[in-house]
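Here is a briefing for a reader new to this structure. Look over the sequence and the model before reading on.

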Amino acid sequence: MGQARYRFTAWMTGLLFLIIGILLISLNMGPVQISPGDVFQTFIGEGSAREELVLFNFRLPGIVIAIFVGMALSLSGAILQGVTKNGLADPGILGINSGAGLVVVLYIFLFQSSMSSLSGWGIYLLPVSALLGAFIAAAIIYALAWKKGVEPIRLILVGIGVNAGFGAGLILFQVQMNPQDFMQAMVWLSGDIWSANWHFVSAVVPGIILLIIYALFKSSALNVLNLGDDLAMGLGAPVEKERLILLVIAVGLAGLSVAAAGGIAFLGLVAPHIARRVVGPKHQVMLPVSTLLGAAILLAADTIGSNIIAPAEIPVGIVVTIVSTPYFVYLLMKTA
Amino acid sequence: MAQSDELKTEQLPKRIGRAAFIFIFSCIGLVFSLGASVAFGVSDIELSTVWQAVVAFDPAQTNHQVIQELRLPRAVGAALVGSFLAVSGAVMQGLTRNPLASPSVMGVTHGAAFALIVALVFFPSLSNIGMTFASFIGAGLAVLLVFTVGSFSSGGLTPVKLALAGVAIGGMLSSLSTAISLHFQVAKQMSFWYAGGLANTDWTSVQILLVAGGIGLVIAIAISKAMTVLSLGEDVSKGLGQNTILVKSLGVVVVFLLSGAAVSVAGTVGFIGLVIPHISRFLVGADYRLIIPVSAVLGGWLLVAADTGARLVNAPYETPVGAITAFIGVPFFLYLARGNRGNM
């Protein structure tokens, strides 16, 4: 126990430092280079007006969103994997992300003129519509996978099918857009932190923080569920109720992530797997580690994506997919 | 599915009559759809004019021009693409004995589209035929990747694994395509291949389809008997003295010839390769000598009808045909996913 505890603490501290390190690099890089010294100066209030503008109004909101979306997605994936007892579950693969994406695109093009002109209450209704879409998608997937209970394998296959269905719905809708909006929607749907400003942070991040805290608080319930339904019921756990609560948390986290950063796939799959590998399967230690790991991966991917082919940007979701699919395929080959 | 159908091959003579009836019936359906596809559009043209334009072409008439240069190649192209996708799906299902195997589920169409983007960016002067070759290479690459993943996994390539490997490899390839197209600003062409559509089909594309696909179809029919035996199980096939490696290799060649040609003309049109072979198997039984021709005609029929629908649903705008095939294909996929068929 002592050693496990030590490992956990070591990983948490290491990851925390890693995130701070990437954060500092990310602050320095971009079309306007600002040296670490100047970043520090600006943070203690001694920077030039221009540096303040770039750091506080352009870079920091995006970084904050990347960190919290990374946390939310990896936590959502970890919970889905725990609840469905299937190591290959992920909000992207299951179709929850594309459901949320469909409703968001519908909302923007029905009630707002375009993606860049969101203002006032529009910003706060966006996460609501993403959540709505995520829950509708989850309900559809669950209902279609239900056949005297929900088998993990059937759930995944149904998820893939529903995902394709939402994709077709999106294509139908995208035809009505002008070419520029079409491309923007395409990019956003594959994962992009597209509206990095403080209004947006205030619309999405508080909800994510609340759900993360609640999820971490629930991690012991996930352990009991993993023992199998019979044993869990024997231990006196209200299995169906706990499962439902956990699912709601996972879907909520995925929905809010989509509102902020589009449909990033595979992150919710890869981060929990790495976490399980380094600190073991116990959810009390695995969930916090995978949360920080998700934040670190997404922040790194965002930094790479926005600088590697500058001045053009690669959307963060694309970087995540390219980097994590080989690992996913490896997992696929390994699990029986 | 293999075991339960084992005995049905014995009743071949009885089934041939039925298959012939279905084949002829679908051919008639296909011809009618082709006629409708040529006649309906932004401006409707009477069927008699269509007939005139085909048998007695008069360059002075606008309608004849529209039919000869736009609608006819498009309709014929749709028929060929549909039948190629259906046959490559049938071959994939036969080789892998996996009900979910099909060009779109396995990421093969994404592979072809990826290679097309790469060719477009790095070899912009490539001719149409060169582009088709790029598409073959991409399709072949994706087939190879998925089969490699399958053969190195513990427990073999179950339907779930196959679908997930397809999702992963398809996702990876389309992400790479997006990154490349954003960097080199060819996003517009990319969105065309990804949405899928037959709007740009001309006689050159039909020629390419006929040559590449013709070879693929001939090989498919040639190995159809061996494939029927193979679909009963690898051991049975080896026991009967079949060279399973040869059959499988030829099957892979068929898949990338047919899918590659289809994607280079029409982009990633999904689900035809999944749905049609199942319908054909349901209609004519488990013998691939019957499944392949019936799939070819039914696949062509479906895509011609879907393409006509794509033009009419929201006229004068075109709806991407991939969206229409998905609306037929997704419920079917869900039906397959829900059924606990033996090896699911």
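**Overview**

Chain B has 15 helices and 0 strands. Helices (H or I, at least four residues) and strands (E, at least two) are DSSP runs, numbered from the N terminus. This is a predicted model, where local features need pLDDT of at least 70, side-chain atom pairs count only at pLDDT 80 or more, and totals for chains, interfaces and linings use all residues. Residues are numbered from 1 along each chain as its sequence is written, chains are lettered from A and ligands numbered from 1 in the order in which they are written, and side-chain values use heavy atoms, with hydrogens and water left out.

**Chain B as a whole**

- Of its 344 residues, 58% count as buried. Buried means under 20% relative accessible area, exposed over 50%, and partly exposed in between (1.4 Å probe, protein chains only).
- Take the contacts in chain B between residues at least 6 apart in sequence: 76% of them join residues at least 24 apart. Contact means heavy atoms within 4.5 Å.

**Helix H4 of chain B**

- H4(B) covers residues 62-96, which is 35 residues. At 1.5 Å a residue it should span 51 Å, and its end C-alpha atoms are 50 Å apart, which agrees. The expected span is 1.5 Å times one less than the number of residues.
- H4(B) bends by about 40° at B:Arg71. A proline, B:Pro73, follows within four residues. The bend is the angle between axes fitted to the seven residues ending at a residue and the seven starting there.
- In H4(B), 28 of the 35 residues are buried, so the rest of the structure largely encloses this helix.

**Helix H5 of chain B**

- The 15 residues of H5(B), residues 108-122, should span 21 Å at 1.5 Å a residue. Its end C-alpha atoms are 21 Å apart, which agrees.
- Because 12 of its 15 residues are buried, H5(B) is largely enclosed by the rest of the structure.
- Among the buried residues of H5(B) are B:Val108, B:Phe114, B:Leu116, B:Ile117 and B:Leu120.

**Two helix pairs**

- H14(B) (residues 288-312) and H15(B) (residues 321-338) have axes that come within 9 Å and cross at roughly 120°. Axes are lines fitted to C-alpha atoms, for helices over the stretch in contact, and angles run from 0 to 180 degrees between N-to-C directions.
- H14(B) and H15(B) are therefore oblique to each other. Angles under 35 degrees count as roughly parallel, over 145 as roughly antiparallel, 65 to 115 as roughly perpendicular and the rest as oblique.
- Residues of H14(B), including B:Leu302, B:Leu303 and B:Ala306, meet residues of H15(B), including B:Val321, B:Ile324 and B:Ile328.
- In chain A, H9(A) (residues 219-226) and H11(A) (residues 239-261) pack at an angle of about 125°, with their axes 10 Å apart. They are therefore oblique to each other.
- A:Ala221, A:Leu222 and A:Leu225 of H9(A) make the contact with A:Val239, A:Glu242, A:Arg243 and A:Leu246 of H11(A).

**Around B:Ala296**

- B:Ala296 lies in helix H14 of chain B. It counts as buried because its relative accessibility is 15%.
- B:Ala296 touches B:Ser83 and B:Val87, not counting residues up to four places away in sequence.
- B:Ser26 is 270 residues from B:Ala296 in sequence, yet 9.9 Å away in space, C-alpha to C-alpha.
- B:Cys27 sits in helix H2 (residues 12-39) of chain B. B:Cys27 counts as partly exposed, at 27% relative accessibility.
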